[in-house]
Amino acid sequence: MRTSISGSSSARRGIAAAMVAAALLATAACGDSGNEPAVAADGDEPTSGDKPTSETQPAGEMRDVTVALPVPLGLFWSPYIIAAEKFYPEMGINVDLPSVDGSASVAQQIATGNAFAGSVSVRETYAARAAGGEVMAIAAFGRGLINRVSVPDDSPIQSLADLKGKAIGVPSASDGSVALVKQLMEEAGISEDEYEIPAVGAGGPAVAAAFDSGRIAAYAHGLSDIPALKVNAGMTLRSLMPEKYQALPAEGFVVSEESMADPEDREVAINLVRGYFLGAWFLQEHPEEAKEIVCGVIPSDCTDDEYVNATLELVSEKFAPEKDGKAGAFDYENIQILLDMTLGEALTVPVEEAFNGKFLESINDGLLEQAGA
């Protein structure tokens, strides 16, 4: 039975139609940690019998699972796509990858049972937990700075302080980068009436035109804008982010407490994470074969070979974890920095409740051997 991946508009409408009208909170956007917190979730502590293997799934039976994404399926989800084609079938998993409107909506889909799991930003994972949603991240995806404020490489601007009196472009007025800009400028001692935040669209020719015309002096963006600007507009960006923000985490793999309390669901969740990491490593080590797999699934994203290569290289750099036996470990220090920056006094529950490291041993058990095979 072939694994299905649905990133179509009909699939997105289907899951969106099941959403509860009110979002938990407005949408806004790891490294390794040597110590995993002893934080208990509902359900039994995993035992050696919980180690996920393809042998635990009865022959011929496939588990249909929905993993919701905050944006439509594209090149930045390549580890999932590769896992769905190469690894999940061996684990007895048939995965569907629909998108909903942002990380807050993904968290809500999981909390209400409309999705089994999903990729959710650090901010919205915590916000959902703090708002009473019985969800938690069980692994970290991505390392290093994901969101940033940048200028063209040849710009005379050298720091955030140099942006006083200037305009900082954002993809849209509702994008999470708006909150990032406000926080960074406040830290730089610049009040909101001393700069502008115009919406200039996603990375590409429109952003390049905004720079060329002088409409903006800087741009707040995510990783996906980097290859788009470089390939489609010939523009290389230089980050202005302070050193303390260079290792801010990206997102986590989020599931419900109820799922992690059920042995069968827990095994599926752990296998979903393992498959993602196997997919990320496969992309890193077999780029041409990985590219063929990904472009076979989403050919509309692969019309420009230079753009595809640049994007997949960036995904490999940021989302393939180190092979140190700690894949998915939470960097609690930088999670705290990010939450302090974006939520501040709204931190009402322990961080370890939202980012639960107790399942990482099961996730990593035999993972490197499986990757080698």
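How many of the five residues in strand E3 (residues 117–121) are buried? Five of the five, so to speak, sit under cover: E3 is mostly covered. Keep in mind as you look around that this is a predicted model.

Let's stay with E3 for a moment. Ala117, Ser119 and Ser121 point one way from the strand, while Gly118 and Val120 point the other way, and all of them are buried. Strand E1 (residues 63–68) runs parallel to E3, and two bridges join them. If you want to find that pairing by eye, look for Ala68, whose bridge partner in E3 is Gly118. Then there is strand E9 (residues 251–256), which pairs with E3 in the antiparallel sense over five bridges. Here Ala117 is a handy landmark, standing opposite Val255 in E9. In general, the strands of a sheet pair through backbone hydrogen bonds, either parallel or antiparallel.

Now move to another set of strands. Four of them form an open sheet in the order E6-E7-E5-E8, with mixed pairing. Strand E6 (168–169) and strand E8 (237–239) stand at the edges with a single partner strand each, so one side of each has no neighbour in the sheet. Further in, strand E5 (residues 148–152) and strand E7 (residues 218–221) run antiparallel and are joined by three bridges. To spot this pairing, find Ser150, which stands opposite Tyr219 in E7. Helix H5 (residues 177–187) lies across E5, E6 and E7, and runs at about 80 degrees to E5.

Is Arg238 buried or exposed? Buried means under 20% relative accessible area, and Arg238 comes in at 18%, so Arg238 counts as buried. Its side chain reaches the backbone oxygen of Ile157 at 3.1 Å. Leaving aside residues up to four places away in sequence, Arg238 touches several others, among them Val149, Ser150, Val151 and Pro152, as well as Asp153 and Gln158.

Finally, have a look at helix H7 (residues 225–233), where Asp225, Pro227, Ala228, Leu229 and Val231 are buried. What do these buried residues pack against? The answer is helix H6 (205–212), strands E7 and E8, and helix H11 (305–319). Just after H7 comes Gly234, which takes a positive phi of about 65 degrees.

Methods. Residues numbered from 1 in each chain as written. Predicted model: local features only at pLDDT ≥ 70, side-chain atom pairs only at ≥ 80, totals over all residues. Heavy atoms only, no water. Pairing = 2+ DSSP bridges. Helix = DSSP H or I, 4+ residues; strand = E, 2+ residues; numbered from the N terminus. Contact = heavy atoms within 4.5 Å. Axes fitted to C-alpha atoms, helices over the stretch in contact; angles between N-to-C directions. Buried < 20%, exposed > 50% of the residue type's maximum accessible area, 1.4 Å probe, protein only. Polar contact = N/O pair within 3.5 Å; in protein donor to acceptor, adjacent residues only side chain to side chain.
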